[in-house]
Amino acid sequence: MGKKKKNFPNYNPNPPVAKKDQLPVTSFLDIMKDGNEYQSIIGLQNVNVDLGAELARSIREITAIRKRPLICYIANVVNANISQSVSINNADDAPFLEMLRNVPEGSEELDVLIVTPGGSAETVASWVNQIRSRFKEVSFILPYMAMSAGTIFCMSGDELIMDESSFFGPIDPQVPSKNGRYVPAQSINTLIADIQRRGQEQLQKGAQPDWTDIQILRNLDAKEIGNAINASKFSTDLVAQYLERYKFKNWSTHQDGAAVTPEQKTKRAKEIAGQLCNHQLWLSHSSRISRDMAWNTCKLKITHPENVPGLNRAIKRFWALVCFSLENSPVAKIFASENYMLFRH
C-alpha cells in the first residue's frame, strides 16, 4: 500500500517503437484525446507515470467543476487476474472512513465516485450513516458500474450522475447456499413462490404436487430460505428509506403541479425499491440498468453529466486513466481524494 511510481506493462500487440532520444511519458492526462481517451494512452512506450499524482490531478478536474470535495472508492473490476476480493467488505472500513475523515471541515456537500461489483449491504449502511451525519447534500458519480450493494449505496444520495455507458444493478442480495456458493436471494424466493403456486394448482385439481418440486423443497435448507428472505427485506428496506429520506427530500410537486404528500413519497420509494429487488423483472443478478432503463422502468431521475459543462469530459478522462491503470497493475482497490491516496494490492 502507498503511493509510488509504476511502469505499466504494454499490451498492444503492435506497439510503436520508441526512439532512443524520446522523452519518457510522465502523464497520461497530458496526451489524452477527447473522445478517444482510452485509445490515446494504450501502446505507449517509455512510460513512467506516477498514478497517485495523475489521480489527484484528475480528481481536481472534477472538483473544479463540481465545487465540492470528491472521494473515490474504486474496485478493480477490469483485471481478471486479481485474486484478492474486490467486493465491499469490512476490511474496507478503515481506509474508507479514514478517507472520509480527511475531507476538510466546512463543506456540507460531498461527491462520491464509485466503481464496485457489490458486496456487503451492512458495510454500506454503516458508511451511509457516517456520510449522511456530516453532509447535507451527497451526490454519487458512476464512471462505469455499481452493482448490488453498490446500487444501495448510490440510492442514499440526493443525486446520481451517470453517462450513457455507466450502469448499476439490481439490489437482489446474494446469500450463501449449503455448498458455500453464493446465490441471488430473490432467485430462491422466486423458486419457492413458483413451487407453492404449482402445488396449489395441483391440489385444487385433486392431484399431488409435482414430485420434482417436492425434491427441490427437501433439498433447500431452512436457514438458506430464511437468509434469502431476510437479506431481500434488508436491501429493499434500506433503499426505500434512502430514497424517501434523501433523493425525494426536495420532491414537492407532481408534474401537474399538485403537491406531493409524505404518503406518496413513502409509497413511491417502496415501489422503486421493490422493482430494484425484483428478480422476475431483471432476470439476472448481473443485469445492467442504464440511466435510460432507470427512468423508463423505475422513473428514477438521473443527472446527465453532458448537461454540465466540462463534467462529462472530466469523468471520461478519469475513468480512462483508472481503467488502463487497473488493467495493468496488481491493485485491487483504490481509495482516493485530493487529501488521501491508498492503493490496496
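In the predicted model described here, Pro 95, Phe 96, Met 99 and Leu 100 are buried within helix 3, which spans residues 93–101. Buried denotes under 20% relative accessible area, exposed over 50%, and partly exposed the range in between, with a 1.4 Å probe and protein chains only. Helices (H or I, at least four residues) and strands (E, at least two) are DSSP runs numbered from the N terminus. An α-helix has 3.6 residues a turn, so residues three or four places apart point the same way. The packing partners of the buried residues of helix 3 are strand 1 (70–75), strand 2 (109–115), helix 4 (121–132), helix 5 (149–154), strand 9 (333–337) and strand 10 (340–344); contact means heavy atoms within 4.5 Å.

Residues are numbered from 1 along each chain as its sequence is written. As the model is predicted, local features need pLDDT of at least 70 and side-chain atom pairs count only at pLDDT 80 or more, while totals for chains, interfaces and linings use all residues; side-chain values use heavy atoms, with hydrogens and water left out.

The protein contains 12 helices and 10 strands, and 48% of its 345 residues count as buried. Of the contacts between residues at least 6 apart in sequence, 73% join residues at least 24 apart.

An open sheet is formed by 6 strands in the order 5-3-2-1-9-10, with mixed pairing; two strands pair if DSSP finds at least two bridges between them. Strand 5 (159–162) and strand 10 are the edge strands, each pairing on one side only. On average, neighbouring strands of this sheet are turned by 15 degrees against each other, direction ignored. Strands 1 and 9 run antiparallel and are joined by 5 bridges. Tyr 73 has Phe 335 in strand 9 as its bridge partner. Helix 12 packs on the sheet and touches strand 1, strand 2, strand 3 (137–142), strand 5 and strand 9; its direction makes about 40 degrees with that of strand 1. For such angles, axes are lines fitted to C-alpha atoms, for helices over the stretch in contact, and values run from 0 to 180 degrees between N-to-C directions.

Leu 311 belongs to helix 12 (residues 311–327) and counts as buried at 0% relative accessibility. Apart from neighbours within four places in sequence, Leu 311 contacts Ile 62, Ile 65, Arg 66, Ile 161 and Pro 305. A separation of 9.4 Å lies between the C-alpha atoms of Leu 311 and Thr 63, which are 248 residues apart along the chain.

Across the whole structure, 13 aromatic pairs are found. Rings of Phe, Tyr and Trp (its six-membered ring) pair if their centres lie within 6.5 Å; planes under 30 degrees apart count as stacked, over 60 as edge-to-face and the rest as tilted. Phe 140 and Phe 153 form an edge-to-face pair, because their ring centres are 4.8 Å apart and their planes stand at 70 degrees. This pair links Phe 140 in strand 3 to Phe 153 in helix 5, 13 residues apart. Phe 140 is buried, with a relative accessible area of 1%, and Phe 153 is buried at 0%.
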